[in-house]
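Subject: Structure handover

Hello,

Here is the structure I said I would pass on. Please look through it first, then read the notes below it.

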Amino acid sequence: MRAMVLSSPAPIATAPLRMTELPTPEPGPGEVQVDVEVCGVCRTDLHVVEGDLPVRRPQIIPGHEIVGRVGRLGPGAHRFALGQRVGVAWLHASCGHCAYCQRGAENLCLSPRFTGWTEPGGYADALCAPEDFVYALPDGLSDRVAAPMLCAGIIGYRALMRSAIRPGEALGLYGFGASAHIVLQIARHWGCKVYVATRGDRHQALAREMGAAWVGGAEAVPPVKLRGAILFAPAGELVPVALAALDRGGTLAVAGIHVSDIPPLNYQAHLFQERSLRSVTANTRADGEALLRLAAEIPLQARTEEFPLERANDALYRLRHDQISGAAVLRVR
């Protein structure tokens with residue numbers, strides 16, 4: 001099979017992913033082989049490729065927003081039919097028996113496995129995954145729309161929950177890429193007014209087009225106090241900016257798996273009056289199922305730009321330089 005393989009982390013400008021011919025993987029017990037149709041391009045892929053996340057295996061195939069069809073069933077696998085359309089996301093598997101898994105917090109598992117980081121991902125013709133961590137996809141979502149839902153959507157949804165926002169309240173979004181443009185749709189569906197602070201004319205224009213109540217630069221001050229906010233940009237310097245924009249009792253959720261250093265916080269200006277700062281760590285399968293239900297119900301849309309598999313380096317380079325409006329996806333077949 002074809003796969004875009006990373007041998008060692010390097011700046012994306014050096015095009016470190018190489019098209020490689022590999023044996024098609026065979027599903028093990030309880031696994032399914034997924035023949036990949038499209039794979040979303042996520043900022044986490046960029047962190048893997050450039051080495052912001054530590055190397056977990058000598059060679060890796062990135063990609064964890066995977067839409068495809070079940071090609072083979074491993075021994076004991078019975079959840080899906082051959083040819084059924086499915087999705088594979090970032091959380092490849094959890095151990096199921098540590099204290100965190102036992103209390104329903106599998107995203108905090110002590111021995112997790114991650115698609116496209118610790119396990120081969122979707123920048124390839126096929127991959128294998130445990131059937132218990134594979135998603136059945138709603139019929140109403142096209143492949144190109146479904147792909148970014150599997151990470152940008154799921155993590156955005158969990159971040160929205162962590163922000164403690166309620167219907168009708170004011171929500172701030174810092175950064176406006178793949179996740180934020182999905183979250184904005186959910187928040188507006190709940191009757192929230194959404195205030196977007198982001199750099200780049202392209203991102204600002206998309207936020208306005210999608211119904212943001214206000215759009216400003218990355219460090220601009222929204223015209224109202226925010227009941228909740230989400231930081232999507234991997235920029236730690238925006239944490240105090242976002243905290244200062246919160247109303248009393250407001251919460252800032254930081255959605256990135258990797259964020260640059262956060263500068264010192266001033267207790268009075270940033271945290272007093274019961275403002276809260278929360279991180280977001282991966283997701284549970286329940287998060288994914290909830291997001292996919294919402295995606296079909298609202299229905300959610302994803303602004304996508306498509307690239308062929310062999311141009312994965314180009315897609316990541318453009319993502320690195322904020323040149324993607326919405327989400328990028330790789331067309332595999």
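**What was found**

H203 counts as buried because its relative accessibility is 7%, where buried means under 20% relative accessible area, exposed over 50% and partly exposed in between, with a 1.4 Å probe and protein chains only. The model is predicted, so local features need pLDDT of at least 70 and side-chain atom pairs count only at pLDDT 80 or more, while totals for chains, interfaces and linings use all residues. Residues are numbered from 1 along each chain as its sequence is written, and side-chain values use heavy atoms, with hydrogens and water left out.

H203 sits in helix 5 (residues 201–209). Helices (H or I, at least four residues) and strands (E, at least two) are DSSP runs, numbered from the N terminus. Apart from neighbours within four places in sequence, H203 is in contact with F176, T198, D322 and I324; contact means heavy atoms within 4.5 Å. One of these partners, D322, follows helix 9 and has a positive phi, near 55 degrees.

Now to helix 1 (residues 43–50). Of its 8 residues, 6 are buried, namely T44, D45, L46, H47, V48 and V49. What do the buried residues of helix 1 pack against? They pack against strand 1 (2–6), strand 2 (17–21), strand 3 (31–41) and helix 9 (312–320). After helix 1 comes G51, with a positive phi near 85 degrees.

Two packed helices are described by the angle between their axes and the distance between the axes. For helix 1 and helix 9, the angle is about 105 degrees and the axes are 10 Å apart. Axes are lines fitted to C-alpha atoms, for helices over the stretch in contact, and angles run from 0 to 180 degrees between N-to-C directions. Helix 1 is therefore roughly perpendicular to helix 9, as angles of 65 to 115 degrees count as roughly perpendicular, under 35 as roughly parallel, over 145 as roughly antiparallel and the rest as oblique.

In this contact, R43, D45, L46, V49 and E50 of helix 1 meet L316, L319 and R320 of helix 9. By class, the contact has 4 nonpolar, no polar and 4 charged residues. Ala, Val, Leu, Ile, Met, Phe, Trp, Tyr, Cys and Pro count as nonpolar, Asp, Glu, Lys and Arg as charged, and the others, Gly among them, as polar. The buried residues of helix 9 include L316 and L319.

Regards
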